[in-house]
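Dear colleague,

I am passing on the structure we spoke of, with my notes set out below it. Please read them with the coordinates open beside you.

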Amino acid sequence: MAVATALPAQTPTVSFDRDVKPVFEARCVKCHGPKMQLGKLDMRTREAAVAGGAHGPAFVAGNAEQSRLYRHVAGLEKPLMPMDGKLSEAEIGILKDWIDQGAPWQGTLAEVVKKKEEAPEERTVRAEARQSWSFQLPKAQQPPVNGAAEWDAHPVDAFLYRTWREKGLTPAPLAGRTTLARRAYLDLIGLPPTPEQVKAFVEDGSPKAWEKLIDQLLASPHYGERWGRHWLDVARYADSNGYEHDFDRPNAWRYRDYVIAAFNKDTPFDEFLREQIAGDEMEEATSERLIATGFLRNYAKVGFREKDNPQFRFDYLDDMIATVGRGVIGLTVQCARCHDHKFDPIPQRDYYAMQASLWGYVEVDHPLVPKPEADAYATEVAEVEAKQKPLKAEVKEIEAPYARQVRESKYRKWPQHIQEAVFTPEEKRTPGQVLLANQIIRTTGVSSAEIDRLMKPEDLKRKKELLAKIAVIEKDRPKPIPVAMGITDGDYRFTPDGAGDEPAPGKGIKREAIEGAFLSDGTKPYIAPPAYFLHHGDAESRGKEMQPGFVQVASYSKLPVELPPAHRRTSGRRMALANWLASRDNPLTARVMANRIWHHHFGRGIVTTLDNFGKTGEAPTHPELLDWLAVRFQDNGWSIKSMHRLVMTSRAYRMTSGFSSAANERVDADNLYWWRYRAQRLEAEIVRDSILHVAGTLNTKMGGQAVFPPLPEETLKSMDKGIWLRQADGEETWRRSVYIYRKRGLPFPFFEVFDLPDQNITCGRRNVSTVPTQALTLLHNEFVIAQAARLADRVASEAGSAKEAQVDRAYLLALGRAPSEAERREGVAFLSEQPLQGLTHVLLNLNEFVYLR
């Protein structure tokens, strides 16, 4: 008897014209067709698709599982394709079956355009996009009149009082003078007042005593160290490159000193911005202004020239745009790198217009000496290096075969797939192998000692002879001149395939030995190299050439996009960008900085998201007050010190932080409307500075190269890249914390415990945490214990041996106030059983010591 068997279901034949072609034309050809070819992949013909792009063939006929086309649309590999949304399951199934059936294909595809769309390079912002509060120009308005004389007397109080009245909130009483003295000192100069300074203010009976104290502190050189530190967070300042090599930046400290000096001089904020973005383009490009251009160069950097990987340059530009966007205008412009901003009216066009404004930049070390001296130095250096060049070349030739042996032995310790990537000839590597091989080759070092161990005796002897000759010539090298880490304009082009940089023909460009850049000598006007729109942010998918420009939604007048300087060595595009940022027709810059100043005084901004004034940021609690402050800021010549005086003379700033009200708590438990002063934890640097100051050991020397406080030996052993000099714990390292070396690869541990921000990116507002490690650090850190001992010595020296006097003096020095009767009794009892150092250590651990109240 015959047994019936079930036949497998037949997969229906897929028709290319009916089933596949419509999907390709509607969803694939727009990114892989006549307009652009992402990843160098052209999907218009079968031949082109099989030939493939940068990552190989689109499909393998007869094998969907091995085909990149199927794997990307099915989500089996990243990124998911198409970029404008996943295909339906039915469409994915059609493509799989079509490939498995041999991928038959006739003819050429054409993109199906459903409707005429504005090209992304041309996309404009409609007028209604400006309806959001932050995109409207701040309005000058009269402060409200509330009928409460003591609150109407100051504009800031008048705005706040109106809200209190509307919400039924009762404002706190004023703080006592002792509290206010400590608040002002810590807020403006980041150091607690001495007992004598507190006493002088408390006993000053003049009606302008508070104003006098503010002016005194604003005149202190320590003011710039305190408020300059806030801006250094925005500028993502550090003394090392970051990334795996974390190379030292020996001249970065000049930018830090420039910022401190600028705050001390009360450089108008609009001028401050121009100097940092285009200091080299100003008609008087002084040393300070050249140093200021370090602002744009502060980005974290891979330790090699950009031409090793052109993508690095795009990433550095992205970092600049993010820093200017978030730090200056409070917008996340960098989110429009690959597509239009998802939330804010910032088209991709605006991103690449800003990139075009910055595109001509090249890294440069600006000489800080007169030009004749700099030219003479360069000539002498060139002479020394010319004599050394053939000798060094011979050393390199001798070392080459041995160095190759060392490298190859190191490569062979890696897994097989890495070895294959490295040993495959460069022109035959797959894109994945290129990335892998470059990473391994870059990070595999060979030391001279490793080479010497393999050398034949005769080669080693010859090498030593050559090195000796090189050393003799080196003695003729002139002493280095001072230079500033900065930028200027030049020509730093890359072809899409990363084939290096070549100078543009003509245009007065000459070769300089500075990071491979080509700088204009000024004999002919500098012409900026072309910058292009990149579809989907892909460097290999160029669109049209972009002209410089600004964020459209924040532009209320047509400003020049180029302002070529008289010296003709730069394009003037960055100066035009700086002028737009500082324009009164820009609704954001003054608001963002006024809000930042308010945040640092009150512990919270009127807009809490200091660097995001867009749709995903928080709305202002007092929009009229913020507008008034922004207009006042500009009217007062962009003076930051004027803003301090304005804010700090308000009653709101002088209110106590210790006021409690059950009724207020029910309405505004988070104190969003500032019905009392908001207590603030001091930043990491100010905690350390305060410890040194009260112990009497603070070295107040200003400026200069960074210092390196001692680190635990196990920490130093874990560091194998960059530098951390071994300096003794003493006067040289007891300087203010702003001068401590900022190593991206190794954040200073004491600072990290107290919420040091990520030093690789711009920071608008520091995180404030309360974690056990902070208390443990203050209890057990060797630095804190040693300084507590020195504070005890100071107390004993100034108070004598009487325990009650010691308790009083310890409180006055550490907290700026006398102890209460209960505290005095407890302190005396404590000293009956414990050494004075125990008491001073306890005081350094109090919340009151590490908080601004």
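The crossing of α23 and α25 is right-handed, and in this predicted model the axes of α23 and of α25, which covers residues 640–648, come within 11 Å and cross at roughly 50°. On the α23 side the contact is made by Met593, Ala594, Ile597, Trp598, His601 and Phe602, which meet Ile640, Met643, His644, Val647 and Met648 of α25. Of the residues in this contact, 9 are nonpolar and 2 are polar, while none is charged.

Helix α6 itself runs over residues 155–167, and its 13 residues reach 19 Å from the first C-alpha to the last, close to the 18 Å expected at 1.5 Å a residue. Its buried residues are Val156, Asp157, Ala158, Phe159, Leu160, Tyr161, Thr163 and Trp164, and just after α6 glycine 168 takes a positive phi of about 75°.

As for the protein as a whole, it has 36 helices and 8 strands, and its C-alpha atoms fill a box of roughly 105 × 80 × 80 Å along the principal axes. Buried residues make up 52% of the 853 residues, and among contacts between residues at least 6 apart in sequence, 70% join residues at least 24 apart.

Methods. Residues numbered from 1 in each chain as written. Predicted model: local features only at pLDDT ≥ 70, side-chain atom pairs only at ≥ 80, totals over all residues. Heavy atoms only, no water. Helix = DSSP H or I, 4+ residues; strand = E, 2+ residues; numbered from the N terminus. Expected span 1.5 Å × (residues − 1). Buried < 20%, exposed > 50% of the residue type's maximum accessible area, 1.4 Å probe, protein only. Axes fitted to C-alpha atoms, helices over the stretch in contact; angles between N-to-C directions. Left-handed = near helix turned anticlockwise from the far one by under 90°. Contact = heavy atoms within 4.5 Å. Nonpolar A, V, L, I, M, F, W, Y, C, P; charged D, E, K, R; others polar.
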